[in-house]
Every structure is written in structure tokens, then in C-alpha cells.
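Please work through each task before reading its solution.

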Amino acid sequence: AGTVVLAATPIGNVGDASARLVALLERADIVAAEDTRRLYDLANRLGVHVGGKVIAYHDHNERNKADGLLDSVEEGATVLVVSDAGMPTINDPGLAIVRRAIERGLPVTCAPGPSAVLDALALSGLPTDRFCYEGFVPRKHAERMQRLRSLRAEQRTMVFYETPHRIAETMPDLLGEFGPDRRMALCRELTKDYEQIRRGTIAQIKQSVDDDPPRGEIVLVIEGASDDEARDSAPSALSVEDLAVLSI
Ligand code: SAM
């Protein structure tokens, strides 16, 4: 059989394309791309000729297309899976083909590279030894509050994706749920010319967003709860005193 290869693509700086990505673009039999126009654009900027057949593989068709692509893998093809930017499957298409490949016992591997999660986490200055990735901050206010509330006692560093037109609505909710004093980093336009990392407390970053609304792509990295905060806000944790009362 051939192989499915997930390959990361640059998140802004074309120089981050790996040698392996370039070789795969040239040699893969099939390239399954989130947006074929963007794939050709990347190939042009890299000066690469895409040798194989290119097909659109996105959120809306990935479940339907996975098995057909895997039939080709079974016949010996190398299928390269790329998204518009960063690592496939991370808030991007790819999971469906990985799952089906595992179920069908077909080889799947990865040519790793840029992803905004790790870039932002590493630059945040916050603890990196334990972290959780939360994807996009929910768009609707009620869902956003519910998600943030469920994370109040989370002690790991939290990483969220956010969009520039919602950040001004999100900051007051972060402040409301996590309080003003936790540290955070607002990372925008990573790897690009206008890369900027704003670091401070939640209250300071809220002020900064009000004073100077950030444009471009954004990742938020937020300090986890302290031991005290986790104890005070854990939704269902019973204290020693509670347990003593219950056992009477
Ligand atoms: N698969 C991608 C990855 O591995 O990072 C993520 C794709 S997701 C649809 C796009 C979101 O990732 C953006 O809205 C932004 O939150 C984040 N992102 C991607 N590139 C970024 C960059 N250069 N700077 C900051 N955030 C970025």
C-alpha cells in the first residue's frame, strides 16, 4: 500500500515550508487540499511544480472523500493532505481520513511543521509543561460564557484561537470568568512581518485591545488557575469539611 501523509504548511512565512513538504508537493500522487487555489498559490511561491492530481478536501466533503482517497492508498498511492495553513486536523480538515486510515489498517504519517498553537504557546512566556488547546473561542455569548466557566478551575495554560472582529467582545468575558490578574499573551500575525505579542494581565490586555484593536490572525494564551483559584472554583469538588459533614 501507499501512505497518507499529513503535511503542515506555513502559517504566514513561506520560508517555514519544510524540505519534506516541498518534496511531497512534487512527488505525491494525489494532493488533497483544503482550497486548491491556495495550494497552487503556495506551490508558486515555493517554485514547486505540483506533480500529482489535486483534489479539494475540506470540512464539507472530508467524510465522503476519505474512503475514495484511501482506495488509492490501497493501490499504492501517496496521498498528501494539506490545509490552508498550519497543521491539518488542528481546526482544519484531516481527521476523517486519519480515522478511516486507522480503521482500514492503512499507513498514515506526518510531515510536521508550523502550527499557531505551539508557536503562540512557546512565545507566551507562560508555563508550557502542561497546556490545553481549546480551539476557537465560541462565537455566541452564551456558549462562550459556558465554555469559559467550565475552564475556571483549569490549571494548565490554555490556548484559544480568536478572530479580530470578536476579540473586543471576548476580553470582558475573559475578565469576568478568570478575573483581572491572570497573565496572558495575545499573539497576532505569527511568523509574518507584523508579528506582535502583547503580554500582560487579562485587565491590561483588555485595555490594550480597547485602545488599539488588533488586526489579523490571533491566538490567545491564558495562564491556568492557581491552586487557590482551582480550589475555590472547582464546580463539584468537595472540601474535607464537606466530606466530614457528609459522613456524620
Ligand atoms: N491548522 C492551523 C494551525 O495549525 O495553526 C489553524 C487553522 S484555524 C482555521 C485558523 C486560526 O489559527 C486563525 O483564526 C488564528 O486564530 C490561528 N492562526 C493561524 N495562523 C496564525 C498566525 N500566523 N498568527 C496568529 N494566529 C494564527
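**Exercise 1. Determine how strand 1 is covered and which strands pair with it.**

Solution. Strand 1 is mostly covered, since four of its five residues are buried. A residue is buried if 20 or more other C-beta atoms lie within 10 Å of its own, exposed if 12 or fewer, and partly exposed in between, with C-beta atoms placed from the backbone. Helices (H or I, at least four residues) and strands (E, at least two) are DSSP runs numbered from the N terminus.

The model is a predicted one, in which local features need pLDDT of at least 70, side-chain atom pairs count only at pLDDT 80 or more, and totals for chains, interfaces and linings use all residues. Residues are numbered from 1 along each chain as its sequence is written.

Step 1: strand 1 (residues 3-7) runs parallel to strand 4, and four bridges join the two. Two strands pair if DSSP finds at least two bridges between them. Within this pairing, Thr3 stands opposite Thr78 and Val4 opposite Val79.

Step 2: strand 1 also pairs in the parallel sense with strand 5 (residues 108-111), again over four bridges. Here Val4 stands opposite Val108.

**Exercise 2. Describe the cover of strand 4 and its pairing with strand 2.**

Solution. Step 1: four of the five residues of strand 4 are buried, so that this strand is mostly covered. Step 2: strand 2 (residues 30-33) and strand 4 pair in the parallel sense over four bridges. Step 3: the bridge partner of Ala32 in strand 4 is Val81.

**Exercise 3. Identify the unit that contains strand 6, helix 6 and strand 7, and give its handedness.**

Solution. Step 1: strand 6 (residues 131-136) and strand 7 run parallel and are joined by four bridges. Step 2: Cys132 has Met158 in strand 7 as its bridge partner. Step 3: together with helix 6 (residues 141-150), strand 6 and strand 7 make a right-handed β-α-β unit. A crossover is right-handed if, with the strands pointing away from the viewer, the path from the first strand over the helix to the second runs clockwise.

**Exercise 4. Which residues of helix 5 are buried, and against which strands do they pack?**

Solution. Step 1: the buried residues in helix 5 are Ala116, Val117, Ala120, Leu121 and Ser124. Step 2: they lie on the same side of helix 5 because they cover an arc of only 125 degrees around the axis. The arc is that of the directions from the helix axis to the C-beta atoms.

Step 3: the buried residues of helix 5 pack against strand 6, strand 7, strand 8 and strand 10. Step 4: Gly125 follows helix 5, and its phi is positive, near 80 degrees.

**Exercise 5. Characterise the shell around the ligand.**

Solution. Step 1: 24 residues surround the ligand, and the closest are Gly86, Ser115, Ala116, Tyr161 and Leu190. A residue is near a molecule or strand if its C-beta atom, placed from the backbone, lies within 6 Å of it.

Step 1: the elements that give two or more residues to this shell are helix 5 (116-124), strand 7 (157-162), strand 8 (183-188) and strand 10 (218-222). Step 3: by class, the shell has eleven nonpolar, seven polar and six charged residues. Ala, Val, Leu, Ile, Met, Phe, Trp, Tyr, Cys and Pro count as nonpolar, Asp, Glu, Lys and Arg as charged, and the others, Gly among them, as polar.

**Exercise 6. Locate Thr89 and Thr191, and state whether phi is positive or negative in each.**

Solution. Step 1: Thr89 lies in the loop between strand 4 (78-82) and helix 4 (95-104). Its phi is near 80 degrees, a positive value in a residue other than glycine. Thr89 counts as partly exposed because it has 18 C-beta neighbours inside 10 Å.

Step 1: Thr191 lies in the loop between strand 8 and strand 9 (196-201). Phi of Thr191 is also positive, near 70 degrees, in a residue other than glycine. With 17 C-beta neighbours inside 10 Å, Thr191 therefore counts as partly exposed.

Key. Contact = placed C-beta atoms within 7 Å.
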